[in-house]
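Biologist: I am new to this structure and would like a guided look at it. Could we open it together and go through what the model shows?

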Amino acid sequence: MSFFLFLLVLTNLTLLGSSRLAFCIHTVALQGVVLGLIPLVGLQPLTIQHGILSLSAVVLKGGVFPWLLLRSLRVARIKREVEPFIGFNVSLSIGFFALIGSVVFASNLPLGDTKDSLIIALAIFTMVTGLLLLVSRRKALSMVLGYLVLENGIYGLGTVVADHIPMVVEFGVLLDVWVAVFGMGIAMYQINREFDHTDVDRLTELKG
Amino acid sequence: MSSLLILLFCIPPVGISLTFFVHRGRILFLLSLGVVLLDVVCLLIGAGGLPGCLPMQTAGGWFYLDALSAWHLLVMLLVFTTGSVFALGYFRDDLVTGRLAVTAARRYNQLWLGSLWTMTLTLLANNIGLMWVGMEATTLVTAFLISVYPKPVAIEAMWKYLIICSVGIAFAFIGILLVAASLPTTGEGSQQLFWTQLSTAGGYNLLLLKAAFLFSLLGFGTKAGLAPMHTWLPDAHSQAPGPVSAMFSGFMLNAALYCIMRHGAIVNHALGSDQFTSRLYILFGLISIVVSAAFILYQRDIKRLLAYSSVEHLGIITLGLGLGPAGCFASLLHTLNHSMGKSLSFFAAGRLGQLYGSHEIRRIRGAIHSAPLWGIALAVGLLALVGVAPFSIFISEYVLVRAAIDRQAGVVLVIFLLGISVIFVAVLRHLMPMIWGEGKTLPEKSCSTSAVIVVISLLGLLLFFGLYLPLPIQGFLSRAAALIGGLS
């Protein structure tokens, strides 16, 4: 269990400090797999339904998403994130502070017992990482990765309070995320075709 | 009777699968219209007994319909019906010239029916998680309606919409998780997150529940276009084709606001008072009105102007939610009125934009001479939207002012009236030259029958509800307003 939580922290920090997009895609995939496996290794007694759900999450986040994203990376012919709005070192430092902040914050929340509180802390940290990626990067692909990391964090939070969420809803959420990534992939393809680049900060035609 | 809900949910996907067998552009649009009309017919057949047997649920409680969702269902079908009819004329030329290929037309209609489907799911879902699933699906389905014509600006708008709304809606899901976390761990009844159970359950952790409402308000508020989370809205609304803009403004925003109403009812019930939610509703309502007033004043693009007007009206509806039962009544009435007025205006703006080849206000001149039908439609639509009597928006705003006076919310009232006065003046200043100004004459174009039907029926409805609100509808709205309050 603690190994998985350690991996979760590591993937977040890696994402904040790395510029190679293909590597980031793999890191997000690893994070998705880790989060998908957490309910299997720890927490409540395992039901078949939880098993199926975890398995679908792992297949989707570890297999389908990276495949889709790597494809659009090839189409757009980009390799790295250049000159993000917040530099890699600064993002990494913000990341460390966010990690400490989340742990302190989660331990004061009236949620579950202490065992859960660490998962909650790391889930919040993951969400903050996702938001940081969303606001600080230039490439469209980085934003999709940011969205996925945010979604991973929410999924992590969900594993703690999940006994209230019915199975149909969980699958609905997974389906939505899948369609979202698919849609964003098509959108990136269209941006690349019309603009010849995927720098989102240069999409400034519309204002006022 | 309860099979009605299943039927409403199953009709759109059947329509979508039928589109695969149609290979003529025109027929595709007719098919869409047929599917929407079938929905309407189902609802009308059910409507005879509807008020009596509400609330009803089916499929093990997963589908649920009460006065609040039934009202929104009516508004939705009105918007989709007029939109489908208008689309027949709007896309006709492009289908003939081949600017809109058959594959693009098929995709458009699939997405159009897909939006209908996902919004129906949002309204019928009893489980608040499923409601979220429906709402998020709406974003994904509608995004590609913006870029039916793949111009660079349309793609830019689509991208912003997709990212901002996906992230916003993700926040709303945190809200739903927090609702689940705030439930007592032992209550058997509320295990499934059904709204019907949540709105009567007890023993919540109130702090978490309040936090949950904040997340919902911010998350769904992003989708509802409440300022300051509205930044995607003017781009998406202005770049989408006419019928799509009308559907966005006319109902999609309301669907997101509907989700907020449901959450608010749970919170009001748990807290035993509506003070907490009221303050937030009023705050976001007023911010939206003030922000939109500032942007409408200096607007250069007619469709962006209408988009900001949507921010304003969603602000007004949200404001009403914070003013007690009378305010909620006004909000629900305003929902219908705004949807009619905004659809009419977006139809007119879309068609005039096609005729003049631009949506810039300074390029559209003397519309009443060059395209009388659409000139009148735009004039009346905008006049109705700024609240001129005898159109129905005047009535709902009047009821809202009365509600504010009854609650002795003086400051709120002053800001509200100032905001809509500024918008009144600004819109009239833009409107005059567009309708009556001197401009180049356009080549004569005949109006299609579908256009005449849409304009006349929307005009008639705006006027009708402005002059007379039938008693059964009043009673129905009061019931729905009580559901938003959640205190009964």
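**A first look at the two chains**

Modeller: In chain B, of the contacts between residues at least 6 apart in sequence, 81% join residues at least 24 apart; two residues are in contact if their C-beta atoms, placed from the backbone, lie within 7 Å. This is a predicted model, in which local features need pLDDT of at least 70 and side-chain atom pairs count only at pLDDT 80 or more, while totals for chains, interfaces and linings use all residues. Residues are numbered from 1 along each chain as its sequence is written, and chains are lettered from A and ligands numbered from 1 in the order in which they are written.

Biologist: How many helices and strands does chain B have?

Modeller: Chain B has 21 helices and two strands. Helices (H or I, at least four residues) and strands (E, at least two) are DSSP runs, numbered from the N terminus.

Biologist: How compact is chain B?

Modeller: Its radius of gyration is 21 Å, close to the 23 Å that the globule rule gives for 488 residues, so chain B is as compact as a globular protein of that length. The radius is taken over C-alpha atoms, and the rule is 2.2 Å times the number of residues to the power 0.38. Of the 488 residues of chain B, 61% count as buried. A residue is buried if 20 or more other C-beta atoms lie within 10 Å of its own, exposed if 12 or fewer, and partly exposed in between, with C-beta atoms placed from the backbone.

Biologist: And what is chain A made of?

Modeller: Chain A has seven helices and zero strands. Its radius of gyration is 17 Å, close to the 17 Å that the globule rule gives for 208 residues, so chain A is as compact as a globular protein of that length. In chain A, 43% of the 208 residues count as buried.

Biologist: Is A140(A) buried or exposed?

Modeller: A140(A) is buried, with 25 other C-beta atoms within 10 Å. This residue lies in helix α6 (residues 140–161) of chain A. Leaving aside residues up to four places away in sequence, A140(A) touches M188(A), I191(A), T198(A) and V200(A). A140(A) and M188(A) are 48 residues apart in sequence, yet 6.7 Å apart in space, C-alpha to C-alpha.

Biologist: Let us turn to the contact between the chains. How many residues does each chain give?

Modeller: Chain B gives 36 residues and chain A gives 32 residues. On the side of chain B that touches chain A, α7 (128–146), α8 (152–182) and α10 (206–224) of chain B each supply at least two residues. The most come from α8(B), with 17 residues.

Biologist: Which classes of residue make up that side of chain B?

Modeller: There are 25 nonpolar, seven polar and four charged residues on the side of chain B that touches chain A. Ala, Val, Leu, Ile, Met, Phe, Trp, Tyr, Cys and Pro count as nonpolar, Asp, Glu, Lys and Arg as charged, and the others, Gly among them, as polar.

Biologist: One last topic: which residues of α21(B) are buried?

Modeller: They are L477(B), A480(B), A481(B), L483(B), I484(B) and G485(B). What covers them includes α4, α12 (242–271), α14 (302–321) and α15 (324–356) of chain B. Just after α21(B), G486(B) takes a positive phi of about 70°.
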